[in-house]
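The sequence and the model are shown first.

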Amino acid sequence: ALVLIVYWFLFRRHEAKGPWLLFLGAATSVTAAFLAARFLLAPPSPYHLSYLGGAFSQVFLIQPQLWVFMMGKLFWPVQLSADYTLENMGGLTTPLALAILVIVVLLQAWLAEKSRLGALGVALYWLGLVTVSNFIPLNRILADRFYYLPLAGVAMQLLALLLMTLRSPWGFWAVAAPLLGAILPLTLLTLTREEVFASERSLWSDTIQVSPFSWVGYNGLGAALFRNRQV
């Protein structure tokens, strides 16, 4: 619903407002009903969920690291895992993560000011992360699937940037060349990643290799071996 409201504001707010108010109102009502059902009617989670670091204030110190960590995975998807832990952050400190976030947000603000498509991409990226950030405790602190919708926002931002350079051949190729150059290695990474999902055993073996502190990975591998009568 929030994405639709941003879309209306950026592209359609000069049209007749009556039909749009009905449409946006209906979308908001459906979203509210879904959230109510999700949190009020869903069975209680078997897991004890708590804030990262043990307190809500600690979330503000840790979440920037998670955002920046996954930004790196979006742009160069290596060392992916079915389950990430805080140990995967490695040497990514909170000050470094905040510095990177400031630069990214400033660049996004510039793009949003220059292009309505870019502004929609920025909104889609950050709104897509609102419900999967740890300001509300999550069963998984981080997951690749959390970034499927934000990835669409990244694609919009790149397209907006590419369209902005069409008036300048030099500028166009300065943006297009690295994008084209990334196609082959990203394709190879995709094909390699597909092999990980060939079986449960290969998936969870890869998980504990990348995330050696993941109890989910060890539990999944143990269950897979037990089902195959290998333990």
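In this predicted model, α8 packs against helix α9 (residues 200–210) with the two axes 7 Å apart and at an angle of about 115°. That angle makes α8 roughly perpendicular to α9. The residues that meet here are Arg193, Glu195 and Val196 on the α8 side, and Ser202, Leu203 and Asp206 on the α9 side. Sorted by class, this contact of α8 with α9 comprises three charged, two nonpolar and one polar residue.

These helices belong to a protein that has ten helices and zero strands, so that its pattern, read along the sequence, is α-α-α-α-α-α-α-α-α-α. The C-alpha trace spans about 65 × 50 × 35 Å along the principal axes of the protein.

**Two further helix pairs**

Two packed helices are described by the angle between their axes and by the distance between those axes. The table sets out these values for the helix pairs treated in this report.

| Helix pair | Angle between axes | Distance between axes |
|---|---|---|
| α3 and α4 | about 60° | 8 Å |
| α5 and α6 | roughly 165° | within 7 Å |
| α8 and α9 | about 115° | 7 Å |

For α3 and helix α4 (residues 94–114), the packing angle is about 60°, which makes α3 oblique to α4, and the crossing of this pair is left-handed. On the α3 side, Leu61, Pro64, Gln65, Trp67, Val68 and Met71 take part, and they meet Thr94, Ala97, Leu98, Ile100, Leu101 and Val104 in α4. The contact of α3 with α4 has ten nonpolar and two polar residues, with no charged residues.

Helix α5 (residues 116–130) and α6 cross at roughly 165°, and they are therefore roughly antiparallel to each other; their crossing is left-handed. From α5, the contact includes Leu117, Leu120, Val122, Leu124, Tyr125 and Leu129, as well as Gly118, Gly121 and Gly128. In α6, the residues that they meet include Leu149, Pro150, Ala152, Gly153, Val154, Met156, Gln157 and Leu163. By class, the contact of α5 with α6 divides into 14 nonpolar and five polar residues, and no charged residues.

**Pocket and cavity**

Which elements give two or more residues to the lining of the largest pocket? The largest pocket holds about 890 Å³ of space, and among the 27 residues that line it, Lys73, Leu74, Phe75, Pro77 and Leu151 are the closest to its centre. The elements that give two or more residues to this lining are α3 (56–75), α6 (148–164) and α8 (183–196), and the largest share, six residues, comes from α8. By class, the lining of the largest pocket is made up of 20 nonpolar, five charged and two polar residues.

A search of the whole structure also finds one cavity of 30 Å³ or more, and the space in the largest cavity is about 40 Å³. Its lining consists of Gln63, Trp67, Leu129, Val132, Ser133, Leu142, Phe146 and Tyr147, which divide by class into six nonpolar, two polar and no charged residues.

Conventions: Residues are numbered from 1 along each chain as its sequence is written. This is a predicted model: local features need pLDDT of at least 70, side-chain atom pairs count only at pLDDT 80 or more; totals for chains, interfaces and linings use all residues. Side-chain values use heavy atoms; hydrogens and water are left out. On a 1 Å grid over the protein atoms alone, a cavity is a set of points where a 1.4 Å probe fits but cannot get out, and a pocket is an open set with protein on both sides within 12 Å along at least five of seven lines; lining residues have an atom within 4 Å of a point. Grid points are joined across faces, edges and corners, and a volume is the space filled by probe spheres set on the points. Helices (H or I, at least four residues) and strands (E, at least two) are DSSP runs, numbered from the N terminus. Ala, Val, Leu, Ile, Met, Phe, Trp, Tyr, Cys and Pro count as nonpolar, Asp, Glu, Lys and Arg as charged, and the others, Gly among them, as polar. Axes are lines fitted to C-alpha atoms, for helices over the stretch in contact, and angles run from 0 to 180 degrees between N-to-C directions. Angles under 35 degrees count as roughly parallel, over 145 as roughly antiparallel, 65 to 115 as roughly perpendicular and the rest as oblique. A crossing is left-handed if the near helix is turned anticlockwise from the far one by less than a right angle, and right-handed if clockwise. Contact means heavy atoms within 4.5 Å.
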